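The following exercises are to be worked with the sequence and the coordinates at hand. Each task is followed by a stepwise solution.

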Amino acid sequence: MLTYIWAEDLSHQIGFNSQLPWYLPADLKHFKELTMGHSIIMGRKTFTSLPNILPKRHHVILTKNQKLVQKYQRNSQVEIVSSLTELNSWLKYHKNEKNYVIGGRSVFQALISQVDYLEKTAIKANFIANVTMPQIDYDKFALIKSVAHQPDANNTYYYDFLTYQRK
């Protein structure tokens, strides 16, 4: 099973210079709760933007960067695939497991026809950003869960957690 998980602003922006343009602790907690114990699939830029290897998650990185291959070749938490063909083979082998695509844009774009679920945090604000989420045809998905949140002491924006399932 393949799930996209991401947060975006009102303009569908998802990143700024390989970082999140906002700080929303509730979204980080939501991400952790959903992805814990599962594989997270990403491109090199997304991987290098992480503070560290995320605990209790298997990292699948799409890259041809040989320095990363060498650095993580003996790390059981990291698996590097060098092409979309190799990633698709990996996905076929792991199709009965929960796998989360966490970015970036090109990885989201490449796997759009295969995604089963969407876990979107819709932040009701606009930010300065330079990476936009690829367009998703929401007519092919059914909204199965929506949880609205108001700002609080730790989370300064209105936001919704939205779950969609492919029809």
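**Exercise 1. A loop residue**

In which loop is Leu 20 found? Classify its accessibility and list its contacts.

Solution. The model is a predicted one.
- Step 1: Leu 20 lies in the loop that runs between strand S2 (13-15) and H1.
- Step 2: Its relative accessibility is 43%. Because buried means under 20% and exposed means over 50%, Leu 20 counts as partly exposed.
- Step 3: Leaving aside residues up to four places away in sequence, Leu 20 touches Ile 14 and Leu 28.
- Step 4: Leu 20 and Ala 7 are 13 residues apart in sequence, with a C-alpha to C-alpha separation of 8.7 Å.

**Exercise 2. The two sides of a helix**

Which residues of helix H4 are buried, and which exposed residues does the face turned away from them carry?

Solution. 
- Step 1: Within H4 (residues 84-93), the buried residues are Leu 87, Trp 90 and Leu 91.
- Step 2: These residues lie on the same side of H4, because they cover an arc of only 100° around the axis.
- Step 3: The general rule is that an α-helix has 3.6 residues a turn, so residues three or four places apart point the same way.
- Step 4: On the face turned away from the buried side, H4 carries the exposed residues Thr 85, Lys 92 and Tyr 93.
- Step 5: The cover over the buried residues of H4 includes strands S1 (2-8), S3 (39-43), S4 (58-62), S5 (78-81) and S6 (99-103).

**Exercise 3. Strand S3 and its partners**

How many residues of S3 are buried, and in which sense does S3 pair with S4?

Solution. 
- Step 1: 5 of the 5 residues of S3 are buried.
- Step 2: Both faces of the strand are covered, with Ser 39, Ile 41 and Gly 43 on one side and Ile 40 and Met 42 on the other.
- Step 3: S3 pairs with S4 in the parallel sense, over 5 bridges.
- Step 4: Between S3 and S4 the chain passes through helix H2 (residues 44-49), in a right-handed β-α-β crossover.
- Step 5: S3 is also joined to S6, with which it runs parallel, by 4 bridges. Here Met 42 stands opposite Gly 103.
- Step 6: S4 and S5 likewise run parallel and are joined by 4 bridges, and Ile 61 stands opposite Ile 80 in S5.

**Exercise 4. The nonpolar cores**

How many residues has the largest nonpolar core, and which of them have the most contacts inside it?

Solution. 
- Step 1: The largest nonpolar core has 23 residues. Those with the most contacts inside it are Tyr 4, Trp 6, Ile 41, Leu 87, Val 101, Leu 111 and Leu 118.
- Step 2: At least two residues of this core come from each of S1, S4, H4, helix H5 (105-110), strand S7 (117-123) and strand S10 (159-166).
- Step 3: The residues that Trp 6 touches include Ile 14, Phe 108, Leu 118, Met 133, Ile 136 and Tyr 138.
- Step 4: A second, separate core has 14 residues, among them Leu 68, Tyr 72, Val 78 and Ile 102.
- Step 5: As a general background, in soluble globular proteins nonpolar side chains tend to be buried together.

How values were computed:
Residues numbered from 1 in each chain as written. Predicted model: local features only at pLDDT ≥ 70, side-chain atom pairs only at ≥ 80, totals over all residues. Heavy atoms only, no water. Buried < 20%, exposed > 50% of the residue type's maximum accessible area, 1.4 Å probe, protein only. Arc of directions from axis to C-beta. Contact = heavy atoms within 4.5 Å. Pairing = 2+ DSSP bridges. Right-handed = clockwise from strand over helix to strand, strands pointing away. Core = buried A, V, L, I, M, F, W, Y, C linked by side-chain atoms within 4.5 Å.
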